Amino acid sequence: MSIKKLVQMIVNKTTANSKPHPTPAQTPYDLMGGEPKVRELANRFYDIMASDPQAAELYAIHPLPLDNIRQKFFEFLSGWLGGPALFEQKYGHPRLRARHLPFQVDDKLRNQWMYCMDKALDEVIDNKVLRDGIRQSIGQLASHMINC
């Protein structure tokens, strides 16, 4: 299966509640480099959020230290990208929108979140087609978190 076709499959998954689609032989998780790269992406995301002034408001609503949330984000990304469903095994269905309802997520916070994710994707994922497909799909998921 071509990377372009695989990315199209990723992009068609619009939210965590989307109906499952056939699992390709090589998932984005595999194409990225598996556990080490997914962990690197999750950690880089939080490194950027914690240090970049453009994400200050987003950082301010996160519980410190960031160790637990880094791990949970890695576990979520693992399953979301087609690897082991670590988050679901530990905590059940992610129910992302419900988990984010206690926070006022507006366009500004969504854009700060995507700013951090865009930078992390650019630094961690070398394959442009894969990177852009993940960016588009996770951007749709981030927009779904807006609740005010």
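Before we compare helices, here is the tool we need: axes are lines fitted to C-alpha atoms, for helices over the stretch in contact, and angles run from 0 to 180 degrees between N-to-C directions. Helices (H or I, at least four residues) are DSSP runs, numbered from the N terminus. The model is predicted, so local features need pLDDT of at least 70 and side-chain atom pairs pLDDT 80 or more, while totals for chains, interfaces and linings use all residues. Residues are numbered from 1 along each chain as its sequence is written, and side-chain values use heavy atoms, with hydrogens and water left out.

**Exercise 1. Describe how α5 and α9 pack, and sort the residues of their contact by class.**

Step 1: α5 and α9 have axes 13 Å apart, at an angle of about 115 degrees.

Step 2: Contact means heavy atoms within 4.5 Å. Phe76, Leu77 and Trp80 of α5 touch Ile134, Ser137, Ile138 and Leu141 of α9.

Step 3: Sorting these gives 6 nonpolar, 1 polar and no charged residues. Here Ala, Val, Leu, Ile, Met, Phe, Trp, Tyr, Cys and Pro count as nonpolar, Asp, Glu, Lys and Arg as charged, and the others, Gly among them, as polar.

**Exercise 2. Work out how α3 is oriented to α8 and to α5.**

Step 1: Start with α3 (residues 35-51) and α8 (residues 107-124), whose axes come within 8 Å and cross at roughly 135 degrees. That makes α3 oblique to α8 (under 35 degrees is roughly parallel, over 145 roughly antiparallel, 65 to 115 roughly perpendicular and the rest oblique).

Step 2: The α3 and α8 crossing is right-handed. Among the residues that meet there are Leu41 and Phe45 in α3 and Trp113 and Met117 in α8. By class, this contact has 10 nonpolar, no polar and 5 charged residues.

Step 3: Now take α3 and α5, with axes 9 Å apart and an angle of about 135 degrees. They are therefore oblique to each other, and their crossing is right-handed.

Step 4: The residues that meet include Leu41, Phe45 and Tyr46 in α3 and Ile69 and Phe73 in α5. This contact has 9 nonpolar, 3 polar and 4 charged residues.

**Exercise 3. Find the volume of the largest pocket and the classes of its lining.**

Step 1: On a 1 Å grid over the protein atoms alone, a pocket is an open set of points where a 1.4 Å probe fits, with protein on both sides within 12 Å along at least five of seven lines; lining residues have an atom within 4 Å of a point.

Step 2: The largest pocket holds about 710 Å³ of space (the space filled by probe spheres set on the points, which are joined across faces, edges and corners).

Step 3: Of its 23 lining residues, the closest to the centre are Tyr46, His62, Ile69, Leu96 and His100. The largest share of the lining, 4 residues, comes from α5.

Step 4: The lining divides into 18 nonpolar, 2 polar and 3 charged residues.

Note on methods
Helix = DSSP H or I, 4+ residues; strand = E, 2+ residues; numbered from the N terminus. Left-handed = near helix turned anticlockwise from the far one by under 90°.
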